[in-house]
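The sequence and the model are shown first.

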Amino acid sequence: MNNETVKHIIKSVSKTTDQSVSAELSILANVTDNQAQYRCEAHNSATEIPLFETKVLTVHFAPETAKIRIDPAELRPGIEATLICDSSSSNPPAKLSWRHEGTVLEGTNNSSKAGLWGGTVSSLELKLNITQDMDGHVYTCQSTNEMLQRSINVAVNLPVLYEPRFQTPAETVVHGVAGEPLTVALVATGNPSSIAYTWTKNGQTIASTGSSGEPRIVSEGPILNITKLERTDAGVYTCEAVNSQGSAMINITLQVKLMGIVPKIEERNEPANLEKKNGTRNAGSR
């Protein structure tokens, strides 16, 4: 590979006075001009070797991009994870910082190396002890060129994998009335969110919707449907939730009450002058 310096002759504007001559060069600087060498040569018939002057340009530029890497790629509760923020080339070097919910966090292993166009690539790490509740939390890395007062931000949403968990219901005993329908819903959360549910009673699996026939008791994911309660439906029901990370179970007790029978009372409006059924006559008949 040829490492020779590439030279280009650039047209300039010359100005001449009685005893001197000057040449002016106007350029629109961009990032590729950083550390570029410009050489001005002057000669006439009296010089065997041209006179020259060299100028190295310094161009300030802000980082254009930043990215966040997560190590390890799969996060689970109980492990230590590292977030690494890599900022693209900047001159002067960019200052990196971490934030979570508006709070500045202390990073570690702040490092830098040579980048494109004579700039510097910067990196900053953040150590985290992963818990289940951190799933979905957003962490932001900010890269700032303080001289130019320009910043870019990049964020990552933590994907913490964990087994399903049920929220403890307000009541673990469910009451129903014989002859009436009943619906019970017990929803679990987990990551991945693809969760399979199984309902059982006394070790017997309850049919799911789509099964052959028209069962009176069916399950549809986290929902248990009983179209018409019977006294024998009372007992303990178990709902199990399963994803790729594990499983969870929760029990509820169903109590079935008999519908009370209320006698129907009819009211009849009888004329005041009718005889009572006990044989007593009206006063006017005497």
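In this predicted model, Arg216 and Glu230 form a salt bridge, with 3.6 Å between the closest N and O atoms.

Side chains of opposite charge can pair when their charged atoms come close. In the whole structure, a search finds eight salt bridges. The table lists three of them, including the one just described.

| Salt bridge | N to O distance |
|---|---|
| Arg216 and Glu230 | 3.6 Å |
| Arg165 and Asp133 | 3.5 Å |
| Glu125 and Lys127 | 3.9 Å |

The side chains of Arg165 and Asp133 meet at 3.5 Å, N to O. This pair links distant parts of the chain, 32 residues apart: Arg165 is in strand β13 (residues 162-166), while Asp133 is in the loop between β10 (120-129) and β11 (138-145). Arg165 is partly exposed, at 37% relative accessibility, whereas Asp133, at 53%, counts as exposed.

Lys127 has a relative accessibility of 39% and counts as partly exposed.

The surface also carries a nonpolar patch formed by Ile10, Leu25 and Ile27, which together have about 240 Å² of accessible area. Leu25 lies in the loop between β2 (21-24) and β3 (37-42). With a relative accessible area of 36%, Leu25 is partly exposed.

Rolling a probe the size of a water molecule over the atoms shows where empty space is left. The second largest pocket has a volume of about 170 Å³. Its lining consists of seven nonpolar, three polar and two charged residues. Among the lining residues are Phe61, Pro63, Glu64, Trp117 and Arg150.

Finally, strand β17 (residues 196-201) contains Thr198, a partly exposed residue with a relative accessible area of 33%. Thr198 and Glu240 are 42 residues apart in sequence, with their C-alpha atoms 5.2 Å apart in space.

Key
Residues are numbered from 1 along each chain as its sequence is written. This is a predicted model: local features need pLDDT of at least 70, side-chain atom pairs count only at pLDDT 80 or more; totals for chains, interfaces and linings use all residues. Side-chain values use heavy atoms; hydrogens and water are left out. Patches are made of residues with over 30% relative accessible area and no salt bridge: like charges are joined within 9 Å, nonpolar side chains (Val, Leu, Ile, Met, Phe, Trp, Tyr) within 5 Å. Accessible areas come from the Shrake-Rupley method with a 1.4 Å probe; for residues, only the protein chains shown count as cover. A salt bridge is a side-chain nitrogen of Lys or Arg within 4 Å of a carboxyl oxygen of Asp or Glu. Helices (H or I, at least four residues) and strands (E, at least two) are DSSP runs, numbered from the N terminus. Buried means under 20% relative accessible area, exposed over 50%, partly exposed in between (1.4 Å probe, protein chains only). On a 1 Å grid over the protein atoms alone, a cavity is a set of points where a 1.4 Å probe fits but cannot get out, and a pocket is an open set with protein on both sides within 12 Å along at least five of seven lines; lining residues have an atom within 4 Å of a point. Grid points are joined across faces, edges and corners, and a volume is the space filled by probe spheres set on the points. Ala, Val, Leu, Ile, Met, Phe, Trp, Tyr, Cys and Pro count as nonpolar, Asp, Glu, Lys and Arg as charged, and the others, Gly among them, as polar.
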